[in-house]
Amino acid sequence: FFFTPTTAYEMLRSLVGSEMCIRDSGFVDYLKMVNARDGGVGGVKLAWEECETAYKPDRFIECYERLKNKGEAGATVFQPLSTGSTYAVLDRLAVDKIPLITMGYGRTDASDGRVFPWVFPLMVNYWSLSTAKIKYIAELEGGLDKLKGLKIAIDCANGAGYKSGPKLFKSLGAKVFTTGSYPNGLNINDKCGSTFPKKIRSAVKKYKAHIGISLDGDADRIIMCDEKSNIIDGDQIIAALATRWKNKKMLKGGVVGTLMSNYGLEKYFKSKGIKFLRANVGDRYVKEKMQKYNFNLGGEQSGHIILGKFATTGDGLLVALEALFALRKGKKASEFFEQFKKTPQLLKNIEVKDKNIINKPEIKKIIKNAYKLIKGKGRILVRKSGTESKIRVMGESENKALLYKCVNMITKKIK
């Protein structure tokens with residue numbers, strides 16, 4: 001028989017208090033069908049063992065090593081189901097002579113069988129698609145050598161963009177200084193990338209770069225850093241791009257942010273006559289609202305930014321490219337991103353036994369009172385945490401005394 005290990009990972013655990021979970025494991029059903037319908041492959045039955053990885057590269061490595069020699073002739077093929085797991089076993093494939101199938105993830109250059117003879121991409125991955133988009137944008141901006149003279153520091157978070165990011169900017173003529181570019185399958189996002197901006201700030205200082213780019217592990221999120229080592233979050237990037245697009249008559253409809261977008265961003269767009277809508281936290285909700293109102297720009301403070309003119313999802317390299325083209329004529333990053341003054345923000349997280357506490361009449365009343373106090377001078381947001389037993393109370397206002405008063409009156413009541 002052909003032995004085929006199958007990778008799976010739980011997508012949801014303890015649904016509504018039960019032990020039900022959804023698993024990415026349709027392959028087992030398919031293998032059963034092939035055996036029942038066709039008698040296997042070429043008359044040889046298929047055998048398998050499902051391996052739960054929890055979407056973690058180290059778990060996949062354990063699975064790979066445990067199952068690679070199982071069966072009559074060892075494993076026939078592996079399919080890791082994630083980019084991180086793909087990177088984790090690349091060096092082992094040639095030694096073990098075991099094919100690896102990837103479908104829409106993994107290394108872009110793995111399509112070159114001369115370099116990676118044991119990797120079989122069954123379809124292009126998201127970076128192949130990004131390359132096509134990037135070339136299109138570069139052509140719109142006048143060619144592929146328009147970043148000549150720019151010094152760029154990039155933190156690739158030891159993730160998906162570790163080769164394509166530096167390669168892209170070098171191809172456009174920039175001088176590139178790279179960090180977070182040695183993935184081993186375990187160090188993705190580990191004290192690096194957009195969730196750890198200290199690293200890109202240090203790189204900008206060290207190399208005296210004109211701008212810093214910090215991606216997350218799968219490179220759909222971006223945080224930047226100007227030449228003065230100031231960190232630029234998603235709100236500031238969105239403000240700069242929206243202004244540029246409006247001036248170039250590329251902005252369509254307006255901009256979608258989230259409930260967490262800074263109040264200063266909202267005021268800035270109002271002053272510029274740019275429509276601004278808020279969606280629930282999460283890039284999927286941003287995308288839904290963009291589609292509903294036919295807007296072509298939206299994103300989150302965390303750096304998930306959707307350039308609807310070129311893509312339907314967040315793409316850190318596309319966003320970086322749009323920002324970089326604005327700097328090619330000598331404009332400083334600090335000038336480009338300094339579009340609005342961020343409103344002071346106060347966030348408090350309160351642990352609770354029951355998150356529905358905010359639906360109690362006395363809590364609703366105090367929240368309403370806080371809204372009235374701060375109206376026209378800032379805003380208050382009270383919401384349930386999506387992942388923890390906590391209520392999050394966030395306030396924003398230039399009047400710090402009023403800000404603390406409104407946030408504290410709510411938190412004290414909930415406690």
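**Exercise 1. Find where Val204 sits and list what Val204 is in contact with beyond its neighbours within four places in sequence.**

Solution. 
- Step 1: Val204 belongs to helix H6 (residues 198-207). Helices are DSSP runs of H or I with at least four residues, strands are runs of E with at least two, and both are numbered from the N terminus.
- Step 2: list the partners. Contact means heavy atoms within 4.5 Å. With neighbours within four places left aside, Val204 is in contact with Ala153, Ala209, Ile211, Gly212, Cys225, Asp226, Glu227 and Ser229.
- Step 3: take one partner further. Val204 and Asp226 are 22 residues apart in sequence, and their C-alpha atoms are 8.0 Å apart.
- Step 4: check burial. Buried means under 20% relative accessible area, exposed means over 50%, and partly exposed lies in between, with a 1.4 Å probe and protein chains only. Val204 has a relative accessible area of 2%, so Val204 is buried.

A note on the model: it is predicted, so local features need pLDDT of at least 70 and side-chain atom pairs count only at pLDDT 80 or more, while totals for chains, interfaces and linings use all residues. Residues are numbered from 1 along each chain as its sequence is written, and side-chain values use heavy atoms, with hydrogens and water left out.

**Exercise 2. Describe the chain as a whole: its helices and strands, and its buried residues.**

Solution. 
- Step 1: count the elements. The chain has 13 helices and 18 strands.
- Step 2: take the extent. Along the principal axes, the C-alpha atoms fill a box of roughly 75 × 60 × 40 Å.
- Step 3: take the burial. Of the 415 residues in the chain, 50% are buried.
- Step 4: take the contacts. Among those between residues at least 6 apart in sequence, 61% join residues at least 24 apart.

**Exercise 3. Work out which residues of helix H1 are buried and which are exposed.**

Solution. 
- Step 1: check the span. The expected span is 1.5 Å times one less than the number of residues. H1 (residues 26-38) has 13 residues and reaches 18 Å from first C-alpha to last, close to the 18 Å expected.
- Step 2: name the buried set. In H1 this is Val28, Leu31, Val34 and Asn35.
- Step 3: An α-helix has 3.6 residues a turn, so residues three or four places apart point the same way.
- Step 4: turn to the other side. There, Asp29, Ala36 and Arg37 are exposed.
- Step 5: find the cover. Strand S1 (2-8) and strand S4 (46-52) are included in what covers the buried residues of H1.
- Step 6: look past the end. Gly39 follows H1 and has a positive phi, near 75°.

**Exercise 4. Locate Asn158, then describe the largest cavity.**

Solution. 
- Step 1: Asn158 lies in the loop between strand S7 (151-155) and helix H5 (164-171). Its relative accessible area is 10%, so Asn158 is buried.
- Step 2: read phi. For Asn158, phi is near 50°, a positive value in a residue other than glycine. Most residues other than glycine have a negative phi.
- Step 3: list partners. Beyond four places in sequence, Asn158 is in contact with residues including Gly180, Tyr182, Asn187 and Cys192.
- Step 4: define the space. On a 1 Å grid over the protein atoms alone, a cavity is a set of points where a 1.4 Å probe fits but cannot get out, and lining residues have an atom within 4 Å of a point. Points are joined across faces, edges and corners, and a volume is the space filled by probe spheres set on them.
- Step 5: The largest cavity holds about 50 Å³. Of its 13 lining residues, Gly84, Tyr87, Asn158, Gly159 and Ile188 are the closest to its centre.

Key. 1 Å grid on protein atoms, 1.4 Å probe; cavity = no way out; pocket = protein on both sides within 12 Å on 5 of 7 lines; lining within 4 Å.
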